[in-house]
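Please look over the structure shown below with attention to its fold, its cores and its metal site. The report that follows takes these topics in turn.

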Amino acid sequence: MSVTASSSARQSVGNMAEADLLTALKQRSPQAFSALFDTWSDKLFRLATGILEDDAEAEGVVQETFLKFFEKLEQFEPRAKVSTWLYRVAYNASIDKIRKRRPAQMWLGNDDGDGAEFFPGNLADWRYAPEAWLSSLEAQRELTRAISALPEKQRLVFRLRELDGFSTAETAEILGISVGSVKVRLHRARLLLRETLADYFSERMKREQLL
Amino acid sequence: MKCEDLVAYLSEYIDNDLNEALTAEAQLHLATCHNCRVVLDTTQKMILIYRRQQRQAIPAARRQRLFTQLQSAFLNKSEPTP
Ligand SMILES: [Zn+2]
């Protein structure tokens, strides 16, 4: 099964619901507000903490994003994509806060010309590793650690594509980078993370055989 | 297609983003190259493991406060003057 097929299906279902939600929001329906909040608050918070690593600041980003959305609500066309808009605003608000913290640092530009292409080194075959290993907390932790070690620009692209289910074009729009950059960053992130898990699982295969 | 090419196209192959000719070449290579098959399959497994992770939510107290603040901002917002 293709990994992408499921995420684009998820997005198109979201589109249909979004149009109805938008209509109800324009009528100031309290239920519509609850639905909006329930659907997006945690997702926006995760995006913001992923960048800021600070709960209080991330909360501020979520608040700012929704308030901006309420201001813009009347201008939203029925076909407009609420999800992409919210993510882009939350992303930009997070980046603004980061810039204030680290003014000298160059943030996510379009420059991807750094470093040689990575080639898979660990070819251990862990495709048939027991399900219990794959879902183990230990494996999860290895992956989480590897993700936080990724360059920031790769980490965000990976998140938006694989966890939040945005398409390549939507990810490019949210981050304000080119489609080509999204592809390059995603490719590198995937290979690096695969390598980390290959190292972990091959160690574990060795370990278990010793027992 | 060589292993180097397959790896270079791996991500686009996963996303069904390659044209027909390249997809066919990639499939041909994957049918005969064990290593590339392993790299492809384990990359997809890695993605599945990532998606399965526990998703972090806003801590309850913050969530409640945000909800209350935003709800009143939303409901008290005056209609735009025509
Ligand atoms: Zn090969």
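A residue is called buried under 20% relative accessible area, exposed over 50% and partly exposed in between, with a 1.4 Å probe and protein chains only. By that criterion, buried residues make up 50% of the 211 residues in chain A. This is a predicted model, in which local features need pLDDT of at least 70 and side-chain atom pairs count only at pLDDT 80 or more, whereas totals for chains, interfaces and linings use all residues. Residues are numbered from 1 along each chain as its sequence is written, chains are lettered from A and ligands numbered from 1 in the order in which they are written, and side-chain values use heavy atoms, with hydrogens and water left out.

**Fold of chain A**

Chain A has nine helices and zero strands, where helices (H or I, at least four residues) and strands (E, at least two) are DSSP runs numbered from the N terminus. The accessible surface of chain A, taken from the Shrake-Rupley method with a 1.4 Å probe, comes to about 10,000 Å², of which 56% belongs to carbon and sulfur atoms. With contact meaning heavy atoms within 4.5 Å, 73% of the contacts in chain A between residues at least 6 apart in sequence join residues at least 24 apart.

The domain assignment, whose bounds come from an automatic or database source, gives domain 1 (8-101) and domain 2 (131-207) of chain A. Their C-alpha centres lie 24 Å apart, and 14 residues of domain 1 are in contact with 13 residues of domain 2.

**Nonpolar cores**

A nonpolar core is a set of buried Ala, Val, Leu, Ile, Met, Phe, Trp, Tyr and Cys residues joined through side-chain atoms within 4.5 Å. The largest such core has 68 residues, and Phe66(A), Phe69(A) and Phe201(A) are those with the most contacts inside it. Helix α2 (residues 30-52) of chain A gives the most to this core, namely 11 residues. Because domain 1 (8-101) and domain 2 (131-207) of chain A both give residues to this core, it lies between them. Apart from it lies another core, of 14 residues, which includes Leu191(A), Leu6(B), Leu18(B) and Ala26(B).

Thr168(A), found in helix α8 (residues 168-175) of chain A, counts as buried at 13% relative accessibility. Ser11(B), placed in helix α1 of chain B, is buried with a relative accessible area of 6%.

**Zinc site**

Donors are N, O and S atoms within 2.8 Å of the metal (3.2 Å for Na, K and Ca), and since water is not among the atoms, sites may look incomplete. The zinc ion is coordinated by Cys3(B) (SG), His29(B) (NE2), Cys33(B) (SG) and Cys36(B) (SG), at 2.0 to 2.4 Å. The angles among its four donor atoms are 104 to 113°, and the site is tetrahedral, a label given to four donors if all angles lie between 85 and 135 degrees. Along the sequence, the donor residues follow the spacing C-x25-H-x3-C-x2-C. Cys3(B) lies in helix α1 (residues 3-14) and His29(B) in helix α2 (residues 20-32) of chain B, so the pair ties together parts that are 26 residues apart in sequence. Cys3(B) counts as partly exposed at 27% relative accessibility, whereas His29(B) is buried, with a relative accessible area of 11%.

Note on methods
Tetrahedral: all angles 85-135°; square planar, octahedral: opposite > 155°, others 65-115°.
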